[in-house]
Amino acid sequence: MLKKHKPKLAVWKFASCDGCQLSLLDCEDELLAVAGAVEIAYFPEASRATMRPPYDLSLVEGSITTAHDAERIQDIRRVSKSLITIGACATAGGIQSLRNFADVQDFINIVYASPEYINTLATSTPIATHVFVDYQLRGCPINKMQLVEVINAYLNGRKPNIASHSVCIECKRRGTTCVMVAHGTPCLGPVTHAGCGAICPAYNRGCYGCFGPMETPNTSALSTQWHETLGVDKDDIIRVFRGFNAFAEEFRKESDYYESAK
Amino acid sequence: MSSTPNVGEHVIVKRADFEQLLDALNARNYQIVGPTVQEKAIVYDEITSVNDLPIGWTDEQDKGRYRLKRRADEALFGYVISPQSWKKFLHPASLRLWQAEQTDDGFHITETAPTAPQYAFIGVRACELNAILIQDRVFMHDTYVDPNYQSRRTEAFIMAVNCGQAGNTCFCSSMNAGPKVSAGFDLALTEIIEPDRHEFVVEIGTELGAEVMGEVAYQTASQAVQEQAEQIVTEVASQMGRLLDTTDIKALMYRNFEHPEWENIGNRCLTCANCTMVCPTCFCTTVEDVTDLTGQQAERHRYWDSCFNMEFSYIHGGSVRSSNKARYRQWMTHKLATWVDQFGTLGCVGCGRCITWCPVGIDITEEVATIRKTDSALLTRLREK
Ligand code: SF4
Ligand code: SF4
Ligand code: SF4
């Protein structure tokens, strides 16, 4: 077989906790295969050696929260043939997007001893707000097998096998009894994008919505059922939708609706 | 121990001898599956002894609601129905269909689907048995046979149980699918439980059932006991939690394709697909091909899919059924109308699972009633008057 040119992979970090990049390092067996299939050209978390741009594939973790980062993402886009965002921060703004619902200055004053050193934007926004993104991988954190699948699909020139239906389907396929119906536990599964394998319901917890909204989320029908049948109060509904994917459009609309009704 | 009974005969097995039934199946190397208590529900899973059964437990079901409850007695089959049906064994939720590799001289299949286990199902209800017969039609009695289903199905031993109580979401009577088990079983039990008496009236359905029974201590059932068993299931028929009027149902669905109720359901439906996953007749799947990073090894997997998923109706340019309304309508119309054109029967057995396990409690029986009440044909007739 012809020796193919190995694609150059870069991994970039913006405002985030590093958890998603760690998923790549956490791939263990698969990591060796990935390392064999691509040239790891820029991945400070894994290696100090860096190669010069351009890059074939950039994985971007984190959201845009500073003016500097807003410029940096433009540069990265310019030198990347394909750009894939990984995780809830990069894809939806992350937990730090809670600032979008309040005045960021208030947070700064509470959190930092010397607020005057802090130079930040008023919002935390997803990468796709700033540049064109080729694919968005969901999750807080991402599922490492899905990350390998996305890289694999990229290398083989095919569409990734990543379903955007509800978490419920993952519960049913693995045989987990519905925690909402059988236990009365509020669960975001019906409106949440699959991908985690329905971990929380398997441990008798409601879904926290880590993978963000599913393809056609009917958030209002779900929250109505929570409120009217399970007795969840409206403040709790706001809190639940304001998690790692608070700024994802359909979740944001739902929490905003309950807030404006207060 | 007695001799082997005849097919069609009714015998009595005492509660104390019930374990012998499982022993006889164990000895034949069946993987025995039956009701067990798990995570506050009665779930079908592997069992090894009678102690794994939900002794003294029952379930309370309503739309969007299920609760496990204690019974006053020690019944083995004193519950209504489990969250998921036997479909999960006969038509697994995920299955690797084959593995292949690419070598210098081309593409080769190296392994096909793993061999199917030989199951013995304990506690199959009448509606569930009818659902299996419906899936037989889909998977085995058409131009293309699904070998994965066929091997599981033809090897399976079926110990059915007549219902001793109806659930609040049950409507098998309306669908002519229960509560009495009438065909397709090896053995069919009716549990009789009284303060000083606990036994099972067993109807022998097949030679295999008779052989198994021959290894168990039993007595012949008197006419009186048979009548008592019959009486139990007759009473259940009158206790159905719900009704679905199937008069002219196919035409009703077709002529109300544009009924305003679809929009109303669409506003409530989460498109979560739970109803299709738990439905014992829903059969749809998707296949996924995966390769390793080098592209040299490939596998094909099959997963349960649903008409509530966007990808399901995706053709070039987008999904055909993009609204919630269109997807719910597809599901209900398939169950109650297009299924008839496709397979000659309705696609619903009235097990009530889609009602109980819908997180927002959408109820197929209520929806049919609403559409019937405001049937477009009826409205036209009224207007003409
Ligand atoms: S449509 Fe509902 S009631 Fe009918 S067989 Fe399916 S799950 Fe049971
Ligand atoms: S109702 Fe939907 S998922 Fe069920 S068999 Fe019909 S098309 Fe398939
Ligand atoms: S009818 Fe209920 S279970 Fe079915 S997709 Fe809609 S919300 Fe989900």
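Across the interface of chain A and chain B in this predicted model, 19 residue pairs make polar contact, with both partners at pLDDT 80 or more. Several helices of chain A each bring at least two residues to the side that touches chain B: α2 (29–37), α6 (144–155), α7 (167–174), α8 (179–183) and α10 (219–228). Top contributor among the helices is α6(A), which gives 5 residues to that side. Sort the chain A residues that touch chain B by type and you get 17 nonpolar, 13 polar and 7 charged.

How many salt bridges are there between chain A and chain B? The count is 1. Lys159(A) pairs up with Glu311(B) in a salt bridge, and their closest N and O atoms are 3.3 Å apart.

Now for the area. The size of an interface is often given as the accessible area lost when the parts come together. For chain A and chain B, about 3,100 Å² is buried, and carbon and sulfur atoms give 53% of it. On the chain A side, Lys172(A), Arg173(A) and Val181(A) lose the most area to chain B, together making up 23% of what that side buries.

The side of domain 1 that touches domain 2 is made of 9 nonpolar, 8 polar and 1 charged residues.

Here are the two interfaces in one place:

| Interface | Residues in contact | Buried area | Share from carbon and sulfur |
|---|---|---|---|
| Chain A and chain B | 37 residues from chain A, 44 residues from chain B | about 3,100 Å² | 53% |
| Domain 1 and domain 2 of chain A | 18 residues from domain 1, 16 residues from domain 2 | about 1,300 Å² | 63% |

Finally, the ligand. What surrounds ligand 1? The shell comes from chain B and includes Cys279(B), Cys348(B), Cys351(B) and Cys354(B), along with Phe171(B), Trp331(B), Lys335(B) and Arg353(B) among others. Two helices of chain B, α10 (324–343) and α11 (353–356), each supply at least two residues of this shell. By type, the shell residues split into 8 nonpolar, 2 polar and 2 charged.

Methods:
Residues are numbered from 1 along each chain as its sequence is written. Chains are lettered from A and ligands numbered from 1 in the order in which they are written. This is a predicted model: local features need pLDDT of at least 70, side-chain atom pairs count only at pLDDT 80 or more; totals for chains, interfaces and linings use all residues. Side-chain values use heavy atoms; hydrogens and water are left out. A residue is near a molecule or strand if one of its heavy atoms lies within 4 Å of it. Helices (H or I, at least four residues) and strands (E, at least two) are DSSP runs, numbered from the N terminus. Ala, Val, Leu, Ile, Met, Phe, Trp, Tyr, Cys and Pro count as nonpolar, Asp, Glu, Lys and Arg as charged, and the others, Gly among them, as polar. Contact means heavy atoms within 4.5 Å. Buried area is the accessible area (1.4 Å probe) that two parts lose on being put together, summed over both. A salt bridge is a side-chain nitrogen of Lys or Arg within 4 Å of a carboxyl oxygen of Asp or Glu. A polar contact is a pair of N or O atoms within 3.5 Å; within protein, one must be able to donate a hydrogen and the other to accept it, and residues adjacent in sequence count only if both atoms are side-chain atoms.
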